[in-house]
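Hi there,

Here is the structure I said I would hand over.

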Amino acid sequence: MNGLYLVCDGGGTKTDFLLFEKTGRVRGRAQGAGANANFVPPAEAAHTVYAGVMECLAQAGAAPAQVREFVLFIPGFRPALPELETLLGSGNVRQLGDEKNAFYAALGAPCGIAVLSGTGSFATGRDKAGRTATAGGWGPLFSDEGSGYHIGVLCLSRLALLHDTHVTGTLLEKNVLEMLGLPDVLSIRDAAYRPDFTRRHVARLSYAVERSAREGDANACAVLDEAACALARLAATVAGQLDADGLPVALTGGVARMGELFTGRFRRTLEHLVPQCVYQPAKYSPVVGAALCVLSESAGVDITAPGVAENLMKEKMGEAHVDG
């Protein structure tokens with residue numbers, strides 16, 4: 001075999017696995033449950049990753065010893081790492097967060113600025129001279145600007161203001177109350193401070209904001225305007241620390257799945273704040289981004305060469321790109 005690499009992209013709900021060669025040729029794929037040890041017991045996280053790894057190896061007819069490197073892009077996994085190494089019989093395992101694979105997934109290249117907006121948010125960049133910079137990612141208490149959580153907080157704040165100024169019956173109010181199963185805006189105050197009203201529940205309100213904005217609600221549109229501006233400011237903060245002239249900027253993560261409704265707002269603000277950068281749509285999934293990261297930074301592969309990313313995305317394992 002042409003040397004194997006295995007990556008995992010995981011979080012609190014699911015984990016994706018990819019086993020591949022230096023050419024990007026895929027030898028195994030798998031998916032398992034969440035493996036962030038902040039949300040599941042470390043032993044459970046370790047066994048989830050081990051099962052996914054072994055499933056990929058079985059598809060390739062390979063053993064753990066044939067894998068040059070196992071790289072886990074799983075925030076919070078560190079407490080589970082010793083047990084996984086014991087299960088695999090290998091110490092050749094690296095655990096990272098989700099910044100680098102988000103970067104490579106968004107850009108498909110080693111240079112540029114990636115802005116991620118999911119439940120949380122951050123921006124990370126690298127210029128052609130190799131300088132790097134990051135912004136955001138400090139968590140929901142005093143950061144995560146432009147994230148799904150932030151959109152949820154802005155939504156709740158907007159509803160409170162509308163109620164206090166005796167503005168009722170808006171589409172945003174209707175859609176949020178319907179999502180929460182509550183009778184009126186005042187009841188949100190009681191619900192929001194219950195222990196079971198978690199960060200994830202707040203972030204889910206971004207769906208109600210999206211729906212309301214698509215239906216033309218001005219308040220929901222104002223929330224999205226503010227969130228998109230916050231993300232563009234993160235990109236500008238990173239750009240200010242790099243030689244940003246001509247660098248691509250891509251927005252990725254769950255919030256970006258709103259499409260032009262949100263990315264259009266982000267792009268327009270970005271063009272105003274950082275005119276020297278060039279907006280581009282995000283390119284790949286996080287697990288493909290993880291593989292591109294390893295190929296670029298560990299295997300020394302030119303990931304922009306024809307066929308590399310295409311091979312990683314082949315639906316049938318073992319297919320490979322043939323140039324010419």
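Predicted model: local features only at pLDDT ≥ 70, side-chain atom pairs only at ≥ 80, totals over all residues.

In one of them, the ring centres of Tyr-5 and Phe-20 are 6.0 Å apart and the planes are at 20°, so the pair is stacked; the cut-off for stacked is under 30 degrees. Tyr-5 belongs to strand β1 and Phe-20 to strand β2, so this pair ties together parts that are 15 residues apart in sequence.

The rings of Trp-138 and Phe-142 have their centres 6.2 Å apart, with the planes at 35°, so this pair is tilted. Are these two residues buried or exposed? Trp-138 is exposed, at 62% relative accessible area, and Phe-142 is exposed too, at 58%. As a general point, a pair of aromatic rings is described by the distance of the centres and the angle of the planes.

Now for the sheet. Five strands make up an open sheet with mixed pairing, in the order β3-β2-β1-β4-β5. At its edges are β3 (26-33) and β5 (93-96), each of which pairs on one side only. From one strand to the next, the twist averages 15°. Strand β2 (residues 14-21) pairs with β3 in the antiparallel sense, over seven bridges. Within that pairing, Asp-16 has Gln-31 in β3 as its bridge partner. Helix α1 (residues 42-60) lies across β1 (4-10), β2, β3 and β4 (67-73), and runs at about 155° to β3.

Next comes strand β6 (residues 112-117). How many of its residues are buried? Six of its six are, and the strand is mostly covered. Gly-112, Ala-114 and Leu-116 point one way from β6, while Ile-113, Val-115 and Ser-117 point the other way. In a regular strand, the side chains alternate between the two faces of the sheet.

Strand β6 has two pairings to look at:

- With strand β7 (residues 121-126), β6 runs antiparallel and is joined by six bridges. A hairpin of three residues connects β6 to β7, and Gly-112 stands opposite Arg-126 in β7.
- With strand β9 (residues 248-252), β6 runs parallel and is joined by four bridges. Here Val-115 stands opposite Leu-251 in β9.

Last, a pair of helices. The axes of α4 (residues 148-164) and α5 (residues 171-180) come within 11 Å and cross at roughly 120°. That angle makes α4 oblique to α5, because roughly perpendicular ends at 115 and roughly antiparallel applies only over 145. The crossing of α4 and α5 is left-handed. On the α4 side, the contact is made by Cys-155, Arg-158 and Leu-159; on the α5 side, by Leu-172, Glu-173 and Val-176. In general, two packed helices are described by the angle between their axes and the distance between the axes.

Note on methods. Residues numbered from 1 in each chain as written. Heavy atoms only, no water. Buried < 20%, exposed > 50% of the residue type's maximum accessible area, 1.4 Å probe, protein only. Pairing = 2+ DSSP bridges. Axes fitted to C-alpha atoms, helices over the stretch in contact; angles between N-to-C directions. Contact = heavy atoms within 4.5 Å. Phe/Tyr/Trp six-rings, centres within 6.5 Å; stacked < 30°, edge-to-face > 60°. Parallel < 35°, antiparallel > 145°, perpendicular 65-115°, else oblique. Left-handed = near helix turned anticlockwise from the far one by under 90°.
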